[in-house]
Amino acid sequence: MTRVKILVPALLILTICSACRQDMHDQPRYKPQARNDFFPDMRSARLLIDGTVARGQLHEDSYFYTGKIGNNPGEVMPFSITHDVLERGQERYNIFCAPCHSRVGDGKGMIPSRGFSRMPPSYHIERLQKAPAGYYFDVITNGLGIMQGYSGQIPAKDRWAIIAYIRALQLSQKAGAADVPAGLNLPTALPKFEGDAPSGATLVTPAPPKKEEKKEGGVE
Amino acid sequence: MAQIFHRSLNLYTKASILVALVLGGAAFAGLMAFERSPYITNQGITKPQPVPFSHQHHVAGLGIDCRYCHASVETSAYANIPPTKTCFNCHSQIWTNAAMLEPVRESYRSGKSLVWSKLNDLPDYVYFNHSIHINKGVGCNTCHGPVDKMPLMYQANTLQMEWCLECHRNPEKFLRPRNQVFNMEYKQPTEELPVTVDNVAYTEQEALGKALTAKYHLRNVTDITSCSTCHR
């Protein structure tokens, strides 16, 4: 009986206590991007001191990280282009470039149409078709004119993959019916969107499967 | 000694035990409900932000992919909040005079970070990792709700342990193909709208979930429900 007398209130107190607990919730350590009042700029993540070379940032392969041989943009890819590289490039292009340059690269993306002082050029004009791969790398890395650089958002390897995909887009502009592999049909109708799907990243909900290959969604 | 209570009061004694039990139960249920209420969990509550950033506008209206801003979500535990520079990719050109965006411009000029309030905040004793969920096919909106319909961001679920476990006990109910993780319009397969993986069309979540469990090599349920997965 005495056991019960102690146990019942103890349990009651325990259930109440479940609401008053903060010390293990907010432990004295920093999570990423957390605020720190010690430093004037309030960042807990500190910038590297000038001249520091962190692990993995030696960047010995200078062509891979600059796209330049000496001072001139190079034409070669620093690694060979496989199907996987192209798919990666397509995915990254659609995330990072398509909002402005559009999915086909004609420069008529959604964002610039909302008030950029000038539209991006099409990748299919002669000057850009002839521009070497290293030039594209430099534009993505450092930006150009009113386009900002993307080195912070896109790792170097992905930047090269994007360039490979832009080359594929450029080739696609010259493709004719003869280039379609035997057995595949060109889609005749525009892809269907469910609801209000503008440009950019909102993918189509996979459509009912037909016999022919699906273009988007579903297939990995 | 004479009896204090008359025998006729026995009924009341019995009744009062019952009443005490009911009251106790109600109090307990109330406490449990309180524990799960937004007051404790912050579910559905918006917080003041330096700029009234609208996911609805940027995601559904403009079609920007989550990864354009939350660039580290696929590769790290932490999904980053974009730096001011990311806003400036576009806002160096768009709405350059809007008073609403003055804090962004001020931050860009001075190099001081914008101070966003954190909405989804697990206690520090819980280990959570975005990259594994993304790579095993758990969609952003499964956990964060209809982000593309949020003019202001809020925490869509309770983020309590029972909520995590509800999925960890049978993840196959929620899985989707990896390339649909960022698609806010994704719907689970039905007869009319099947989902195709590796050229097989699935019309039911159950079958799709099983296939994806095998394809993405999910561990067994005992593994991902053991305490040390999340409390390490």
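Is B:Pro177 buried or exposed? In this predicted model, B:Pro177 counts as buried, its relative accessibility being 0%. The residue belongs to the loop that runs between helix H9 (161-168) and strand E1 (195-197) of chain B. B:Gly209 stands 32 residues away from B:Pro177 in sequence, while the C-alpha atoms of the two are 9.3 Å apart in space.

Twelve helices and two strands make up the secondary structure of chain B, and from the N terminus on the elements follow the order α-α-α-α-α-α-α-α-α-β-β-α-α-α. The chain has a radius of gyration of 25 Å, whereas a compact globule of 232 residues would come near 17 Å. Along the principal axes, the C-alpha trace of chain B spans about 95 × 50 × 40 Å. Two domains are assigned in chain B, domain 1 (8-35) and domain 2 (39-81 + 116-230), and their centres, taken over C-alpha atoms, are separated by 41 Å. Of the 232 residues of chain B, 38% count as buried. Among contacts in chain B with a separation of 6 or more, 64% join residues 24 or more positions apart. The chain exposes about 13400 Å², of which carbon and sulfur atoms supply 63%.

Turning to charged side chains, the count over all chains comes to 21 salt bridges. One of them crosses between chains: A:Arg92 pairs with B:Glu74, with 3.0 Å between the closest N and O atoms. On the chain A side, A:Arg92 sits in helix H3 (residues 83-96), and on the chain B side, B:Glu74 lies in the loop between helix H4 (66-69) and helix H5 (84-91). Both partners fall under the 20% limit for buried residues, because A:Arg92 has a relative accessibility of 4% and B:Glu74 one of 16%. These two residues also take part in a network of salt bridges that links A:Arg88, A:Glu91, A:Arg92, A:Asp158, B:Asp65, B:Arg67 and B:Glu74.

Two further pairs each lie within one chain. In chain A, A:Asp37 forms a salt bridge with A:Arg35, the closest N and O atoms being 3.0 Å apart; here A:Asp37 is exposed at 59% relative accessibility, and A:Arg35 is partly exposed at 48%. In chain B, B:Lys149 and B:Asp148 are joined by a salt bridge with a closest N to O distance of 3.6 Å. B:Lys149 is exposed at 54% relative accessibility, whereas B:Asp148 is buried at 6%.

Helix H6 (residues 133-142) of chain A is largely enclosed by the rest of the structure, because seven of its ten residues are buried. The buried residues are A:Ala133, A:Gly134, A:Tyr136, A:Phe137, A:Val139, A:Ile140 and A:Thr141. Their cover includes helix H2 (62-66), strand E2 (72-73), helix H5 (126-130) and helix H7 (156-173) of chain A. Just after this helix, A:Gly143 adopts a positive phi of about 80°.

The average pLDDT of chain A is 81, and 80% of the residues score at least 70. Over residues 197-220 of chain A, however, the pLDDT is below 50, although this stretch has 62 contacts in the model beyond near neighbours in sequence. Where pLDDT is low, predicted coordinates should not be read in detail.

Technical notes
Residues are numbered from 1 along each chain as its sequence is written. Chains are lettered from A and ligands numbered from 1 in the order in which they are written. Side-chain values use heavy atoms; hydrogens and water are left out. A salt bridge is a side-chain nitrogen of Lys or Arg within 4 Å of a carboxyl oxygen of Asp or Glu. Buried means under 20% relative accessible area, exposed over 50%, partly exposed in between (1.4 Å probe, protein chains only). Helices (H or I, at least four residues) and strands (E, at least two) are DSSP runs, numbered from the N terminus. Contact means heavy atoms within 4.5 Å. Domain bounds come from an automatic or database domain assignment. pLDDT is the predictor's confidence in each residue, from 0 to 100. The radius of gyration is taken over C-alpha atoms; the globule rule is 2.2 Å times the number of residues to the power 0.38. Accessible areas come from the Shrake-Rupley method with a 1.4 Å probe; for residues, only the protein chains shown count as cover.
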